Amino acid sequence: MASVSPIRQHSPGATFSVNGMGFAYPESRRSIFEKFSLEARPGEFVAILGPSGCGKSTLLNLLSGFLRPQSGHITIDGAPVAPEHSALGYVFQSPHLFPWLSVLENVRFGLRMNRRGSPQEQRAIALHFLRLVGLEEQAEEPPHRLSGGQRQRVALARSLALEPRLLLMDEPFAALDAMTRSALNDELLRIWSSLGKTVLFITHDIDEAIYLADRVLVLGLPPAGITAEVPIGLPRPRDQRATRANPLFAELRERLAEQIAMVMTSNQPAT
Ligand SMILES: Nc1ncnc2c1ncn2[C@@H]1O[C@H](COP(=O)(O)OP(=O)(O)OP(=O)(O)O)[C@@H](O)[C@H]1O
Ligand SMILES: [Mg+2]
């Protein structure tokens, strides 16, 4: 194989901006978002925490252009979003891998669809990202021989292979056991710090949000929007034991738990 990297150049993180967005599902009278705004700097890791039903997945679907807001603007690097926007990558809670394709071919799939490079180059790129997530050895395996955590790594490699500048992650590790989840958290941080992507990470888990993010936002019940914004001043690189032993970690957890409790006891949405 050629000794040069198959990756042209790592694309830097994108800026995204949501400005004054309003959204309600067509069949519902209830607004999920009203005058909602949110921004992220290039390369920033933003986590969104919120109770079930507060609109986290809806927000990601709006950001990715799968849903359209009724008012306001969403831009990525200044341009309006669309589902085919090449700056976007997604990782969802349960990855949908093609069972009839090998792990490598699953990662290569998007490159084939986008006609990026020759088949050999596509395979080299897919292998590069499988190596990055520690799955090079499983490249020829079918997905059903992988564990849940390994499948989630394939999903991450698959989105990274398209070199998105903004990674949208909707509770990607929620279905995994605590040990696998914390290993994948470390892996994600390592990849994020080497690639510099902007990440919007959705989770139910306060500790996970603090451990990963530069900034944690609490999303209230619709249409409250963001009810708290907490900068996470913990040093990087982070380490499970040292970071969790930092007194600031406990302080941030306390603050966020209080904010979540306030959301849960706040007024129920108007019917
Ligand atoms: N297609 C839809 N049509 C109508 N209402 C919807 C639709 N999808 C979601 N909703 C409603 O919008 C609200 C927000 O849903 P959403 O899936 O964004 O919540 P969430 O914060 O991601 O929840 P969870 O943590 O359970 O994944 C909920 O009240 C939900 O019932
Ligand atoms: Mg959701």
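These entries go from the annotated span to the helices, and then to a few backbone details.

**Entry 1: getting my bearings**

I am working with a predicted model. I checked the UniProt record, an unreviewed entry, and it places the feature "domain: ABC transporter" at residues 16-246. I then looked at that span in the model: 34% of it is helix and 25% is strand. Its end C-alpha atoms lie 31 Å apart.

**Entry 2: helix α2**

Is helix α2 mostly covered or mostly open? I went through residues 103-113 and found it mostly covered, with eight of its 11 residues buried. I wrote the buried ones down: Val103, Leu104, Glu105, Asn106, Val107, Arg108, Gly110 and Leu111.

Glu105 sits in helix α2, and its relative accessible area is 16%. The cut-off for buried is under 20%, so Glu105 counts as buried. Which residues does Glu105 touch, leaving aside those up to four places away in sequence? I found Arg112 and Arg123.

**Entry 3: α3 against α4**

I compared helix α3 (residues 119-132) with helix α4 (residues 148-161). Their axes come within 9 Å and cross at roughly 135°. I noted the crossing as right-handed.

Who makes the contact? From α3 I listed Ile125, Phe129, Leu130 and Leu132, and from α4 Ala157, Leu160 and Ala161. Sorting these by class was quick: seven are nonpolar, with no polar and no charged residues.

**Entry 4: α4 against α5**

Next I turned to α4 and helix α5 (residues 178-195). They pack at an angle of about 15°, and their axes are 11 Å apart. Angles under 35 degrees count as roughly parallel, so α4 is roughly parallel to α5. This crossing is right-handed too.

On the α4 side I found Gly149, Gln152, Arg153, Leu156 and Leu160. They meet Thr180, Leu184, Glu187, Leu188, Ile191 and Leu195 of α5. I counted classes here as well: six nonpolar, three polar and two charged residues. Leu160 is a name I had already written down for the contact with α3.

**Entry 5: positive phi**

I went looking for positive phi values in residues other than glycine. Lys35 has one, near 45°. Lys35 lies in strand β2 (residues 31-40), and at 74% relative accessible area it is exposed.

Arg115 has another, with phi near 50°. I located Arg115 in the loop between α2 and α3, following α2. How accessible is Arg115? Its relative accessibility is 73%, so it counts as exposed.

**Entry 6: cis peptide bonds**

Last, I checked omega angles. The peptide bond from Pro222 to Pro223 is cis, with omega near 0°. Pro223 is in the loop between β9 (215-219) and β10 (226-231).

Arg236 and Pro237 are also joined by a cis peptide bond, and there omega is about -5°. I found Pro237 in the loop between β10 and α7 (240-245).

Terms used. Residues are numbered from 1 along each chain as its sequence is written. Chains are lettered from A and ligands numbered from 1 in the order in which they are written. This is a predicted model: local features need pLDDT of at least 70, side-chain atom pairs count only at pLDDT 80 or more; totals for chains, interfaces and linings use all residues. Side-chain values use heavy atoms; hydrogens and water are left out. Axes are lines fitted to C-alpha atoms, for helices over the stretch in contact, and angles run from 0 to 180 degrees between N-to-C directions. Helices (H or I, at least four residues) and strands (E, at least two) are DSSP runs, numbered from the N terminus. A crossing is left-handed if the near helix is turned anticlockwise from the far one by less than a right angle, and right-handed if clockwise. Contact means heavy atoms within 4.5 Å. Ala, Val, Leu, Ile, Met, Phe, Trp, Tyr, Cys and Pro count as nonpolar, Asp, Glu, Lys and Arg as charged, and the others, Gly among them, as polar. Buried means under 20% relative accessible area, exposed over 50%, partly exposed in between (1.4 Å probe, protein chains only). UniProt positions are given in the numbering used here, feature names are shortened, and annotations may be inferred rather than shown by experiment. Angles under 35 degrees count as roughly parallel, over 145 as roughly antiparallel, 65 to 115 as roughly perpendicular and the rest as oblique.
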